[in-house]
Amino acid sequence: MSKRWYSEHRRDPWRRDAKSSGYRARSAFKLLQIQKRFELMRAGDTVIDVGCHPGGWSQVAVEVTGYEGRVIGVDLEPCAPIDGVELVVGDITGKQTQDLIMEMLEGSPIHSIVSDISPSLTGQYERDQAISIDLVCAVMDFSFTILNPGGSFVTKIFQGRGIEGVIEAAKGRFSKVQRYSPEASRNSSSETFLVCINKLPRARGFGPKETVAEFVQRTMVESGILTEDEDEIEAAGKVGFTVHRAARDDE
Ligand SMILES: C[S@@+](CC[C@H](N)C(=O)[O-])C[C@H]1O[C@@H](n2cnc3c(N)ncnc32)[C@H](O)[C@@H]1O
């Protein structure tokens with residue numbers, strides 16, 4: 001651990017506050033600030049926390065929803081128990097985990113889905129950002145299917161290619177969609193949150209059975225950001241949405 005890392009983290013007021021307030025992660029303040037501004041969750045709500053480890057957002061969700069509410073947290077990593085939170089270890093993009101969550105819910109309505117999902121970062125921004133967009137699309141597909149009409153959704157998203165398509169996809173599903181950077185995440189210029197309020201009963205602007213990833217891909221092809229040619233995609237040897245015309249132009 002470098003001296004610089006240590007002094008930056010020691011100075012970070014959110015990290016200090018997280019320790020003194022009992023939250024497991026400084027990221028808890030991001031959800032607190034989002035909640036204060038948009039009131040996505042209410043007492044008695046059922047909430048799913050996607051990418052919940054180590055548990056900061058779940059702690060906030062359970063504080064808001066209270067005894068009458070229900071919070072289910074899911075992550076690849078196991079979390080230490082949190083009072084009032086049902087924890088699932090699994091990959092949210094996988095059918096097995098999705099089926100397990102559906103079984104736990106037994107058809108009861110889901111009022112809010114909050115997602116702080118993030119891939120393990122390689123440090124190569126373009127690659128990390130592309131993987132993050134893929135993950136967000138998968139979370140949106142699952143969430144949009146199971147979320148109650150009128151429900152809310154928030155997800156972390158990394159700034160970069162594909163984000164406009166993701167916002168468009170969200171606008172086809174919710175009456176209000178807004179990008180928001182809570183104060184607690186303002187030292188990270190790369191991340192922002194997409195806040196989606198009031199899920200519509202029917203999707204707008206999607207093709208029949210079109211997934212969010214397909215929608216985003218289509219909008220990127222239409223705007224000339226992404227190539228459609230499969231050979232070029234393979235030749236580029238890159239992941240998901242990083243295969244784009246701009247990269248080829250740079251070569
Ligand atoms: C920034 S952390 C979440 C912090 C959490 N919100 C908190 O307040 O404690 C992002 C999490 O996303 C999880 N994650 C990444 N890909 C995932 C996947 N496919 N399924 C489930 N969780 C995933 C990671 O394991 C990581 O714990």
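An oxygen atom of the ligand is 3.2 Å from a polar backbone atom of Pro 54. The model is predicted. Pro 54 also stands out for its backbone: the peptide bond from His 53 to Pro 54 is cis, with omega near 5 degrees. Pro 54 is found in the loop between β1 (46-50) and α4 (56-65).

**Ligand site**

Ser 27 uses a side-chain atom, whereas Trp 57 uses a backbone N or O atom.

| Residue | Atom of the residue | Distance to a ligand oxygen atom |
|---|---|---|
| Ser 27 | polar side-chain atom | 2.7 Å |
| Trp 57 | backbone N or O atom | 3.0 Å |
| Pro 54 | polar backbone atom | 3.2 Å |

The ligand has 600 Å² of accessible area on its own, and the protein covers 86% of it. There are 20 residues around the ligand. Ser 27, Gly 56, Asp 75, Asp 91 and Asp 116 come nearest. By class, the shell holds eight nonpolar, seven polar and five charged residues.

**Packing around helix α6**

Helix α6 spans residues 125-146 and packs with helix α7, residues 163-171. Their axes lie 11 Å apart, at an angle of about 5 degrees. Angles under 35 degrees count as roughly parallel, so α6 and α7 are roughly parallel to each other. On the α6 side, the contact involves Ile 133, Val 136, Cys 137, Met 140 and Phe 144. They meet Ile 163, Val 166 and Ala 170 in α7. This contact has eight nonpolar residues, with no polar and no charged ones.

How do α6 and α8 lie relative to each other? Helix α8 covers residues 212-222, and its axis is 8 Å from that of α6, at an angle of about 130 degrees. The two helices are therefore oblique to each other. Here Cys 137, Met 140, Asp 141 and Phe 144 of α6 meet Val 212, Ala 213 and Val 216 of α8. By class, the contact has six nonpolar residues, no polar ones and one charged.

**Backbone exceptions**

Most residues other than glycine have a negative phi, and most peptide bonds are trans. Glu 39 is not a glycine, yet its phi is positive, at about 50 degrees. Glu 39 is found in the loop between α3 (28-38) and β1. Asn 198 has a positive phi too, near 65 degrees. Asn 198 has its place in strand β7, residues 191-199.

Note on methods. Residues numbered from 1 in each chain as written. Predicted model: local features only at pLDDT ≥ 70, side-chain atom pairs only at ≥ 80, totals over all residues. Heavy atoms only, no water. Near = heavy atom within 4 Å. Polar contact = N/O pair within 3.5 Å; in protein donor to acceptor, adjacent residues only side chain to side chain. Areas by Shrake-Rupley, 256 points an atom, 1.4 Å probe, with all protein chains shown as cover. Nonpolar A, V, L, I, M, F, W, Y, C, P; charged D, E, K, R; others polar. Axes fitted to C-alpha atoms, helices over the stretch in contact; angles between N-to-C directions. Helix = DSSP H or I, 4+ residues; strand = E, 2+ residues; numbered from the N terminus. Parallel < 35°, antiparallel > 145°, perpendicular 65-115°, else oblique. Contact = heavy atoms within 4.5 Å.
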